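Welcome, and thanks for taking a look at this one. Please open the structure below and keep it in view as you read.

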Amino acid sequence: MLEDVQARDAAAEPHHVSVPDSPIAPRASRRLLLGGSLAALGIAVGGLPRLSAVSPAAAQGAPTAAPPKGPQPFDYPGKDKGLVLLGDRPLVAETPENLLDDDTTPIAKFFIRNNGQIPEPVTNAETWQLKIEGEVEKPLTLTLAELKSRFAAQTFRMVLECGGNGRSFYQPAGRGNQWTNGGAGCAEWTGVRLADVLKAAGLKPSAKFTGHFGADPHLSGDASRDAISRGMPIEKALEPHSLIVWAMNGEPLPHIHGGPLRLVVPGWPASLSSKWLNRILVRATPHDGQGMGGTSYRIPTVPIVPGSNADGKTNFTDMTSMPVRSIITAPANGTRLPAATREIALRGAAWAGDHEVAKVEVSFDAGQRWQAMTLAKPKNRYDWVRWTGTVTLPSEGYFELWARATDSRGVAQPHVATNWNPQGYGSNPFHRTAILVG
Ligand SMILES: Nc1nc2c(c(=O)[nH]1)N[C@H]1C(S)=C(S)[C@@H](COP(=O)(O)O)O[C@H]1N2
Ligand SMILES: [Mo]
């Protein structure tokens, strides 16, 4: 018997909770809105930002990336208004954990991340062209129609996760969009194997890396610059789950998600999953496009002092697998339950980059005791694991539910974001959700 006061209060008081002493961005303000249900009941709301925001940086009012003033309902065609705008130029929005409660993330709830401008939509998707060039025997230009007719279609449900997901949990703040846990979603992707297309072009022995290009203009409008152009070792490109995709959840790939054509390279930072894909350059040496080198999508191999001014040239490496992460998708943060409630039914998701999720545990006493949750079987490799379970609370009152997952190598989420790096990649502390019983 879960009574979700958040929904009720949100309807009654949409986006009007003012936060006197907090310059935090809409994401955080929205967190406060979740707490608004408690505030409305006379509960000291001062504590809630700190407890529910789980983000030390946000809680302390640290500057976030270009914060627009005041709470802003997210308004984009086809998208859920509950998404949280992290930036409008380029357009970036994350999905609050409680909106990731579906087994397959609906398109309406899927996060949005752009680095440049959104290109003009095309009128005829089937004539969209993809070039395969570089270290190949036979450079190819394939239309979407040819991709569909020449290669075997595959569908997998796979997590797409921004390399910066969890960034807001770093202290001091990492540079970039202040994601909580919502820079991720899990959709059914349909397309062809990148490996099949590369093989059709004939990889030369010198083919060691890829470089990816999309049609989106650079934010500056400068036609000589790419919005983003990342690449990966050929081994990752040849994995059977690395796809060139034209459909999402059975629908033509939506424009905002890179339609007509994108890459989906699961397990690794989603920046490799180029949207509006029109060219793949096969290379003998690592790709040097926009978003490669320096501290971009790179993490220290030797831990550095938080806040250091590292340039990424020494003791840094390109991010490969994303770290293990779990989220509680129900109950939502800020949920208030009747005083007699003791059994709390929990739902959530967990994923672990290239690895598998071995275990998800929940604590309601700040990590003194942990309880194992029940894991559903993923559909295929790179699918997330949906999990369920029940905790029995000892009394009424205020509780924080903490979730932590452990991957197949025995590596668990840390209590706090670790391995600090200038651009804040790979932050995966426990997910914490506040509830009030009574
Ligand atoms: N062409 C292009 N592809 C791109 C990007 C971009 O800005 N341009 N952003 C990347 C990043 S950083 C992420 S996290 C994902 C986001 O995909 P989504 O907007 O479909 O959720 O797309 C990736 N592919
Ligand atoms: Mo990203």
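The notes below cover a ligand site and then one lysine.

Please keep in mind that this is a predicted model.

**The ligand site**

Let us begin with ligand 1. The space that ligand 1 takes up is the largest cavity. Around ligand 1 there are 19 residues, and the closest are Phe111, Asn115, Asp216, His257 and Lys275.

| Residue | Protein atom | Ligand 1 atom | Distance |
|---|---|---|---|
| Arginine 113 | backbone N or O | oxygen | 2.9 Å |
| Asparagine 115 | polar backbone atom | oxygen | 2.7 Å |
| Aspartate 216 | side-chain N or O | nitrogen | 2.6 Å |

On its own, ligand 1 has 530 Å² of accessible area, and the protein covers 100% of that.

**Lysine 109**

Now for the lysine. Lysine 109 is found in the loop that runs between β2 (91–94) and β3 (112–113). Is lysine 109 buried or exposed? The relative accessible area of lysine 109 is 18%, and since buried means under 20%, lysine 109 counts as buried.

Which residues does lysine 109 touch, leaving aside those up to four places away in sequence? They are Asp80, Leu83, Thr95, Leu99 and Asp102. With aspartate 102 there is also a polar contact, side chain to side chain, at 2.9 Å.

Technical notes
Residues are numbered from 1 along each chain as its sequence is written. Chains are lettered from A and ligands numbered from 1 in the order in which they are written. This is a predicted model: local features need pLDDT of at least 70, side-chain atom pairs count only at pLDDT 80 or more; totals for chains, interfaces and linings use all residues. Side-chain values use heavy atoms; hydrogens and water are left out. Helices (H or I, at least four residues) and strands (E, at least two) are DSSP runs, numbered from the N terminus. Buried means under 20% relative accessible area, exposed over 50%, partly exposed in between (1.4 Å probe, protein chains only). A polar contact is a pair of N or O atoms within 3.5 Å; within protein, one must be able to donate a hydrogen and the other to accept it, and residues adjacent in sequence count only if both atoms are side-chain atoms. Contact means heavy atoms within 4.5 Å. A residue is near a molecule or strand if one of its heavy atoms lies within 4 Å of it. Accessible areas come from the Shrake-Rupley method with a 1.4 Å probe; for residues, only the protein chains shown count as cover. On a 1 Å grid over the protein atoms alone, a cavity is a set of points where a 1.4 Å probe fits but cannot get out, and a pocket is an open set with protein on both sides within 12 Å along at least five of seven lines; lining residues have an atom within 4 Å of a point. A molecule sits in a cavity or pocket if more than half of its atoms lie within 2 Å of its grid points.
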